[in-house]
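Here's a quick tour of a protein model, with the cut-offs spelled out as we go. Have the viewer open while you read.

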Amino acid sequence: MNGNRIGTGQRERLYASTTATFDGDLDLIAIEYALNGEPVKLTIPEKIHAARILESRGMDLTSIGHRIGSDRSTVAGWKASDWKPGKPVPKPKRPPAECGEARMYRQHLARGEKCDICKAANAAADRRYRLTGSRKEAAA
Ligand SMILES: [Zn+2]
């Protein structure tokens with residue numbers, strides 16, 4: 001008897017193409033394996049092709065990266081450059097600290113400056129940390 005384990009229902013299989021096996025330099029069979037989470041080595045153009053298909057199916061970039069064997073920032077870079085090979089998009093830098101922020105207090109200290117506003121903000125952040133485990137202000 002050929003049974004199925006409970007919970008292993010038939011999953012929808014994704015196809016890169018239902019007619020062709022090659023498209024220029026793209027190995028559509030390999031891409032189909034990747035789309036369905038089967039281990040396969042892809043070239044960069046094949047990875048981009050697969051990532052684009054998975055993204056159009058609503059998969060998040062981290063899962064896409066996992067499935068094609070690239071990291072999230074690489075996939076994000078391809079998406080940002082309209083699915084062409086490109087450099088990964090760097091994470092946005094956080095804006096410089098301003099007076100009144102707890103993290104500015106440490107900068108004042110490093111420069112040997114005194115600032116009561118930042119000192120108070122740092123003390124408040126420390127109190128929050130002791131009470132809640134987070135130095136961040138609660139969202140209003
Ligand atoms: Zn200050």
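## Ground rules

This is a predicted model, where local features need pLDDT of at least 70, side-chain atom pairs count only at pLDDT 80 or more, and totals for chains, interfaces and linings use all residues. Numbering runs from 1 along each chain as its sequence is written, and side-chain values use heavy atoms, with hydrogens and water left out.

## The main core

The largest nonpolar core has 20 residues, and Ile 68 and Val 75 have the most contacts inside it. Such a core is a set of buried Ala, Val, Leu, Ile, Met, Phe, Trp, Tyr and Cys residues joined through side-chain atoms within 4.5 Å; buried means under 20% relative accessible area (1.4 Å probe, protein chains only). Helices H1 (28-35), H2 (44-56), H3 (61-68) and H4 (72-80) each supply at least two of its residues; helices here are DSSP runs (H or I, at least four residues), numbered from the N terminus.

## Ser 70

Ser 70 sits in the loop between H3 and H4, and counts as buried because its relative accessibility is 15%. Its side chain makes a polar contact of 3.3 Å with that of Lys 47 (a pair of N or O atoms within 3.5 Å, one able to donate a hydrogen and the other to accept it; residues adjacent in sequence count only if both atoms are side-chain atoms).

## The zinc site

Cys 99 (SG), His 108 (NE2), Cys 115 (SG) and Cys 118 (SG) are the protein donors, 2.1 to 2.3 Å from the zinc ion; donors are N, O and S atoms within 2.8 Å of the metal (3.2 Å for Na, K and Ca). Their spacing along the chain is C-x8-H-x6-C-x2-C.

Key: Buried < 20%, exposed > 50% of the residue type's maximum accessible area, 1.4 Å probe, protein only.
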